[in-house]
Amino acid sequence: MSAPAKGRPGKAAPAKAPKARTSSAGSPRPDARRVAVDALVRIDQDGAYANLVLPKLLERSGLAERDRAFATQLVYGTTRYRRSCDWFVERFALGDLDPVVRAALRLGAYQLRVLGTPAHAAVSATVDTVPRRARGLVNAVLRKVVDAEDAWPSDAVRLSYPDWILDRTVADLGSTDALAALESMNGAASSSERADGYVQDQASQWVAQAVGAQPGERVLDLCAAPGGKATALAQAGADVVASDIRASRVSLIAANRERVGLAPRQMQAVVADGLHPPFAPGAFHRVLVDAPCSGLGSLRRRADARWRIDAAAPDRLAALQRELLDTAASLVRPGGSLIYSVCTLLAAETTDVAEAFAGTHPDWTVDDVPGDPWRPWGTGALLLPQTAGTDGMALFRWRAP
Ligand SMILES: C[S@@+](CC[C@H](N)C(=O)[O-])C[C@H]1O[C@@H](n2cnc3c(N)ncnc32)[C@H](O)[C@@H]1O
């Protein structure tokens, strides 16, 4: 990680800034910044998902490998830092902006103020991405952004999050941990490869281990798609049922099962609503509820997620999580284990859900959870994204009476 540049709102990997190139005929060649602007317009205007639209654009871009990596860094970084970039840009570019101009200005501000790209490398190359008539405006605004002071109006603007995400995270984790978590989720996601070749975030691998699946046990993953944890449970030798409500996602489970060399008898993929599961009561030694959640612990993984999640989502999802957990409990055999995990950091979806479960299941006992790098969190454990460079996750375990 390079030293912070002047006015830099957070951390980002150092910029590699290939120059815009022009063919001998004068027509523009494939250029990472042009592709980035195109992607940013689609994400902003059409509501496209960054992780879906960018690979398609890169595919037909003709860009070399190194330029593809640079375009990816620009798109994901500018998307994460959209609010910080707008704070710089909107001081100098007033009124309605054409979508391409706005995207280019954000991209320029990201390079100048987050990546710390020198002005001589960033400004003219970014100006070249907009139509000729807009070049004067983009050049003038970006030249002002270079030296603009950065007395941030709030941590939410500095770290580039909606106010509600910052406020709720600070309220639940305390200011120091919350700001560090949000800052760390402005970086790129990392994953590691399991022995079977499946690429998965390390925190998810620890959750799968914490299920404690033993050879020959019947284990249910009630919210299983795309099958990351379920395949790990099957690799441990358990007889796994991997169910999910969405048929299209269940086909991902089946594809991943094949990819890691598991047979259908080792892991059945089933379409089922976890609130109305087609399984007999007490049928499983262990049930994992890796519940749908707001994903506020895995924002590194989805650059645009923070702008999509609505403020009511955590409480709405918490109601679903409680119901799924209650239903899952009925499927655990006497003495069996129930495991609840979510990739979010908010109390509403973690400790509050666990407390509600304990309240309605007083005869269930709290089971061990992993220690360091996890920290105690209510009766379970929490892994902050800054602690081990993973997704942020919470985990709870109970034993049936
Ligand atoms: C966090 S993801 C699961 C990730 C998965 N366990 C893994 O490790 O790859 C949550 C999943 O819950 C599923 N889901 C949402 N509502 C559900 C319901 N009522 N019943 C079952 N699955 C549901 C979603 O389709 C989504 O695939």
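Salt bridges (a side-chain nitrogen of Lys or Arg within 4 Å of a carboxyl oxygen of Asp or Glu) number 20 in a search of the whole structure. The model is predicted, and local features need pLDDT of at least 70, side-chain atom pairs count only at pLDDT 80 or more, while totals for chains, interfaces and linings use all residues. Residues are numbered from 1 along each chain as its sequence is written, and side-chain values use heavy atoms, with hydrogens and water left out.

Select arginine 106 and aspartate 86, which form a salt bridge whose closest N and O atoms are 2.7 Å apart. This pair links distant parts of the chain, with arginine 106 in helix α5 (residues 99-115) and aspartate 86 in helix α4 (residues 82-89), 20 residues apart; helices here are DSSP runs of H or I with at least four residues, numbered from the N terminus. Both arginine 106 and aspartate 86 are buried, where buried means under 20% relative accessible area, exposed over 50%, and partly exposed in between (1.4 Å probe, protein chains only).

Next, select glutamate 90 and arginine 102, a salt bridge with its closest N and O atoms 3.5 Å apart. Glutamate 90 lies in the loop between α4 and α5 and arginine 102 in helix α5, so the pair ties together parts 12 residues apart in sequence. Glutamate 90 is partly exposed at 40% relative accessibility, whereas arginine 102, at 18%, is buried.

Finally, move to arginine 308 and aspartate 304, whose side chains meet in a salt bridge (2.9 Å, N to O). Arginine 308 is partly exposed at 33% relative accessibility, while aspartate 304 is buried, with a relative accessible area of 4%.

Technical notes: Helix = DSSP H or I, 4+ residues; strand = E, 2+ residues; numbered from the N terminus.
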